[in-house]
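Dear colleague,

I am passing on the structure we spoke of, and I would be glad if you could look through it with the notes below beside you.

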Amino acid sequence: MGLLAHKGAMVPVAAAARLTLARSASAAAAASSSSSAVPPGAAPPSSGAGSTTAATTGGQKQSSATPPPPPPPPPPPHLTAAGFASQPAMKTAAATQHQVTVSAAQDLSSSEYQNVDGLRYDDGRYATFVESIRDTIVPPERIITDAVRTYAYGTDASFYRLVPKIVVKVHNEDEVSQILVQANKHQTPVTFRAAGTSLSGQAVTDSVLMKLSHTGDHFRNYTIHGNGEQITVEPGLIGGEINRLLAAHRRTCGHEQQYKIGPDPSSIDSCMIGGIIANNSSGMCCGVSQNTYHTLKDMRIVLLDGAVLDTADEASRASFMKSHAHLVSGVVDLATRIQADEELAALIRRKYSIKCTTGYSLNALVDFPPSDPIEIIKRLMIGSEGTLGFISQATINTVPEYDNKASAFVVFPTVKDGAGAASVLRKTTMVDAVELFDTASLRECEGNARMRELVPSIVGCDEGTTALLIECRGKDKAALDKRIAEVVRAIKEADHINVTGNDVEAYPFSEDKDVFNVYWDVRKGLIPIVGAARETGTSMLIEDVACDVDKLGDMMEDLIEMFKRHKYHDASCFGHALEGNLHLVFSQGFRNDEEIERYSQMMQELCEIVADKYGGSLKAEHSTGRNVAPFVEMEWGSKAYNLMWELKRLFDPHGILNPGVILNEDEDVHKKALKASPPADAIVDRCIECGFCESNCPSRDLSLTPRQRITVYREMSRLRAMDASELTVEDAQRLREFETNWTYNGEQTCAADGMCQEKCPVKINTGELIKSIRSRNLAEGHATELRAADFAARNWGTLDRLVPTGLGIATAAASVLGDGVLTSVSKALNSVSGGWVPVWNNYMPTGAKSAHFEVATNASSPAPAAAELPPVEAIYLMACPARTMGPARGDEGAGGRSVPQVLRSLADKADVDLKLMPNATSLCCGLAFSSRGLQAAAESKGDEMVDALVKATDNGRIPVVCDTSPCMAHIQMSAMAKSPSMQFLEPVEFTQRILAPRLDFSNPRNEPVAIHVPCSSKKLGKEAAFGDLVSKCCNGTAPVSSGIPCCGMAGDRGLRYPQLTASSLQHLKLPDNIKDGYSTSRTCEISLSNHSGKHFRSVLYLVDEVTTPKKSSSASA
């Protein structure tokens, strides 16, 4: 029975009336579900002139009709007449899911299936479901049931964990349609999942999880219409990726105006458009007017019975009106009743005048006439969190993105001052965005050195200090300046608004991207940054509330006081002040009943403050999920709440679609299935499992992602830390299965390149964890490998000289026997050696030819005289890959030359005195050992290299040039500790700083080329410089980026585990007019060539090709 909380008291609502409505709705919906539905199968909107279309192998099948699905089975006897399980208040969760005991009131001795979290026991239905979809709909390899990967998918960015029994990786709309028919038939609830960055627990389940991301190119089709005012997308595209596609479309087609999607959540570079639509996401700048609800044009919807509705296709709409007459009639009836109820209609309009994602989008039932039910259904799907159907495609009206923008970070002495200023700006200006920071979040900002420099008044700020990050945009410079002046004037003239320092102009607006990006990057990462500062072993909790902006200051003060009273001393309040929207972030352990009760009491009071006292939204933009499902009735009242249940049962009479999310009759669901964060390793203990890292991971489509590796490792660590007497038989079995499965999924297929760190707001490098695990594993019973590593380190020079010879022999064998023979033999050897023997491919390197360089002496040279040009003396650190691996067989563009030979040519043309280090061929940076976990050998070679560098560079006076970016980045970290003044130049920087001023780019190419910036160069911030250099070599034509965060090569790991690079580089799609590509890592170039069919080589080849000596360069030097 539903309960209504009012001013702290829990009182019954009209349960009898609700049950009557539910029975009526259920009967209508059941009739609708059993009717013959004819999906339209219409093609996506035509791209037309000036459109850009991308089609991948994952597009949905286009059929003229789908056979009528079988009628759903009658509800099992344990379900109510409304089709939902009676929901006892479950107080204890299964131990295997690491949930927390609240009380012992619930007897779990029965294993009878109930459609409730934690009680969905497998009574045979799940096995039957799997049999019904295996092979006939999806192949077995896309049905995941093992303990490790199901556990890994049991977490999203929220603080809930539910472990799915089955994970199905779906590839297209047709598969979703067929699977839903089977799920309905076998009564196995399903939850859809895109990126899994949801914050309210709506992307986890203990039933069937349908995963549409981490599936290669599937669900990633798009069509850009016209000049970019509209874009049709599938749900697997990342939000930021869509904006980059729109930007590329503008550049390619030469359009004047740039467009972007309206929603701009802080997770936009990680979350996917499917989740953005399903959660009605908004963000920092879009407000209400540009959120998903207001910018969506059309969509394709897959309903529970497998039918597909294409709202852009008239034939589909007409067919749906007939085939689903009962559903349509129910929607029309709901809209008619609500619009006739003036009080309820007014409540709905008021609620959606501010941000609100609590419950269903009831505004759809008042914004459109009952005569247009398809439009109503379309809008009801927005924010429905996968509980009404699956959105397989959407066409979005984009919004202008102005190039002219500026931001200011203004500090105020009190909450009332800051919130009051936000209210003034909303009422009297055309300001574009206003973000609020409370004292606690400002103290986190203090950790950013650049923030301290730009806004010194945040350092050591007093309690109550608040700041506003204000952004203005303009169609042109004049419009921007006008808006800035308007904002400054409004704050100056506002009564009772004080600014810290008493001068708003002391906080100037900056149009410099290097400045305002600091502000916005801090804001975008604030939720994870605050969460990462929590005590080890606790979880990060986040609430998301809103009220009228006039009430924001008062509500914020009440919430801060509430947190203090409940002893949440680390709580932070920040958010979108222009919309009265606050994010409340705090930490807590869920280790005993007392801690959970404290959370429960705080949550109850929070909801009363927001919903009751201030008439606000309990979920402004993060959607209801499980988190506030018990409080939907508190916010909306019984009448609206009952209508939401009626709506749910109309679309989903048996609770198959993400049950328990948005609506849940268990008033304790928000404090069940709580996700613990047991300590595992200091490297990753700060992880909040936000999932931002996943899109950068090369193994995301193959095995586990960084978040999942941490999740699984935490659970393994928890089980290992238990006393033998505490381990149940089931626990011991799970641990064994985890450890067996982990070897491949967790360790062997991790590139350990650290690109996850680039997306992580708190800079966790999961690769460091994996390398430390490899090192510990080798130390335990792998003496042979350790001795071999020690031998290799001590005899590196000899081995180094053998590699070119070995590659030459292998190349000759491939020429005689064919690449296929070598590939087959090497695959067999790779298999029997456990992945130690590399697998041959057509683009393997030939042996490198040597180049002559004068060897540097230890004598100090005089400092060069002051001149217009930079110094021309440098030490050449010839990396192992470059001095051993030549170009691939058949690479005519390389001319048979090795990288050192090309660098010799460039140095001669530029008159640069490039000297080789003594004993160069015996030196190694240690990266080859480190990536395998051979730390002793890595440190030995690294120290040897650093000592040699210190001597050769005259203790850092002479710069060091390295031809291979990963090697340079690795040794740089070691060298800085001994000689902080040492200067390192990777190939791009060396070219720009030293070579380019002495060369004429007189023979540029007139066509674009491809580039791949290695992980190490990205981490060093060289991506833009790489593009600029190549553009200069191509007569100003911008290069085509690989678009691959990491190729997965990781030294030779991609050769030893070729499935890793195959998985990562399946996304490498180069245009047909691209002839070759360039990078700065020889091993990466092997994999890029192999998977693109185009030769990749060092960018130094391109520079050498297009340049000639600058006249009088010697004299200038």
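What follows covers the nonpolar cores, one lysine and the cysteines.

Please keep in mind throughout that this is a predicted model. The largest nonpolar core holds 94 residues, among which Phe-409, Ile-470, Leu-559 and Phe-563 touch the most other members. Helix H20 (residues 593-613) supplies the largest share of this core, namely 9 residues. Because domain 1 (400-622) and domain 2 (678-781) both give residues to this core, it lies between them. Ile-470, if its neighbours within four places in sequence are left aside, is in contact with residues including Ala-406, Val-410, Leu-425, Val-487 and Phe-509. There is also a second, separate core of 60 residues, which includes Leu-303, Val-331, Tyr-360 and Ala-364.

Lys-771, which sits in helix H26 (residues 766-779), is buried, with a relative accessible area of 11%. Its side chain makes a polar contact with the side chain of Glu-768, at 3.4 Å, and, leaving aside neighbours within four places in sequence, Lys-771 is in contact with Ala-752, Ser-930, Ser-931 and Gly-933.

As for the cysteines, a search of the whole structure finds 0 disulfides. For Cys-285, the nearest cysteine sulfur is that of Cys-286, 8.0 Å away, and Cys-285 is itself buried, with a relative accessible area of 16%. Cys-697 is likewise in no disulfide, the nearest cysteine sulfur being that of Cys-750 at 6.6 Å, and with 7% relative accessibility Cys-697 counts as buried.

With best wishes

Conventions: Residues are numbered from 1 along each chain as its sequence is written. This is a predicted model: local features need pLDDT of at least 70, side-chain atom pairs count only at pLDDT 80 or more; totals for chains, interfaces and linings use all residues. Side-chain values use heavy atoms; hydrogens and water are left out. A nonpolar core is a set of buried Ala, Val, Leu, Ile, Met, Phe, Trp, Tyr and Cys residues joined through side-chain atoms within 4.5 Å. Buried means under 20% relative accessible area, exposed over 50%, partly exposed in between (1.4 Å probe, protein chains only). Helices (H or I, at least four residues) and strands (E, at least two) are DSSP runs, numbered from the N terminus. Domain bounds come from an automatic or database domain assignment. Contact means heavy atoms within 4.5 Å. A polar contact is a pair of N or O atoms within 3.5 Å; within protein, one must be able to donate a hydrogen and the other to accept it, and residues adjacent in sequence count only if both atoms are side-chain atoms. A disulfide is a pair of cysteine sulfur atoms within 2.5 Å.
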